Each structure stands twice: as structure tokens, then as C-alpha cells.
Amino acid sequence: ALRLQNKKEEADEIKERLANVEISRKKEKENTTKSLWDAVFTDPSEAFEIIMDPNKKEREEETRLKKQVKASKKAWRKIREQRLKFLDGNND
């Protein structure tokens, strides 16, 4: 569509970006396969866990992030209570 609008530089740039993304996806997939085989040989129990539960790391990361958010909110509430009481509607 960009080429029809005589925007060849933009079209070439987008094409190049898409090619780079595709290459990086292939490399990542290859590295994942290699790391799985490495894990099988170095620590078979960990490899078994990866095979049985491939999303474990993502779930752990989500849990860690939720804990950080919760701690941040708690800290903010404490700061708000100490320094910004005047913002609450309960002006006595």
C-alpha cells in the first residue's frame, strides 16, 4: 500500500523490520530447543518440569509482578495517609 503512495523508503523500512523480527523469532526458537536439550543432559528433572509445565516461568514472573504492584500500592497508601491527608474528603 505504501509503494502505491510512492512511499518506497517507508515500505522498504517496514519490510526490513519484518524480516529482522522473523529472523529473531527463528533464532529464539532454535535457542529454546538447544537450551531444552542442554537441560536434559545437565539436569533431567528441570527439563522434565519445562516439558510438563512450559509456562511456569511466565506464571512465576506474573506472580512476582503482582507482589511488586501490591507492595507499591501499600507504600503509596502509607505515603498518602502520612503526607496527603488533606486530599481525603474527611476534613474534621
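Glu61 and Arg64 lie three residues apart in helix α3, so about one helical turn separates them. Glu61 is partly exposed because its relative accessibility is 41%, a value between the limits of 20% and 50%. Arg64 is likewise partly exposed, with a relative accessible area of 39%.

The count of salt bridges comes to three. In helix α1 (residues 8-42), Glu13 and Arg17 are four residues apart, so that about one helical turn lies between them. Glu13 and Arg17 form a salt bridge in which the closest N and O atoms are 2.8 Å apart. Glu13, at 41% relative accessibility, counts as partly exposed, whereas Arg17 is exposed, its relative accessible area being 54%.

Another salt bridge links the side chains of Asp53 and Arg59, at 2.6 Å from N to O. Asp53 has a relative accessible area of 26% and is therefore partly exposed. Arg59, with 43%, is also partly exposed.

The chain contains three helices and zero strands, and from the N terminus its elements follow the order α-α-α. Of the 92 residues in the chain, 3% are buried. The chain exposes about 9,200 Å², of which carbon and sulfur atoms supply 54%.

Phe48 belongs to helix α2, which spans residues 44-52. Phe48 has a relative accessibility of 52% and so counts as exposed; the cut-off for this class is over 50%.

Across the chain, the mean pLDDT is 82, and 86% of the residues reach 70 or more. Confidence is highest in helix α3 (residues 56-83), at a mean of 92, and this helix holds both Glu61 and Arg64. Confidence is lowest in α2, with a mean of 76, and α2 is the helix in which Phe48 is found. Where pLDDT is low, predicted coordinates should not be read in detail.

Conventions. Residues numbered from 1 in each chain as written. Predicted model: local features only at pLDDT ≥ 70, side-chain atom pairs only at ≥ 80, totals over all residues. Heavy atoms only, no water. Helix = DSSP H or I, 4+ residues; strand = E, 2+ residues; numbered from the N terminus. Buried < 20%, exposed > 50% of the residue type's maximum accessible area, 1.4 Å probe, protein only. Areas by Shrake-Rupley, 256 points an atom, 1.4 Å probe, with all protein chains shown as cover. pLDDT = per-residue confidence, 0-100. Salt bridge = Lys/Arg side-chain N within 4 Å of Asp/Glu carboxyl O.
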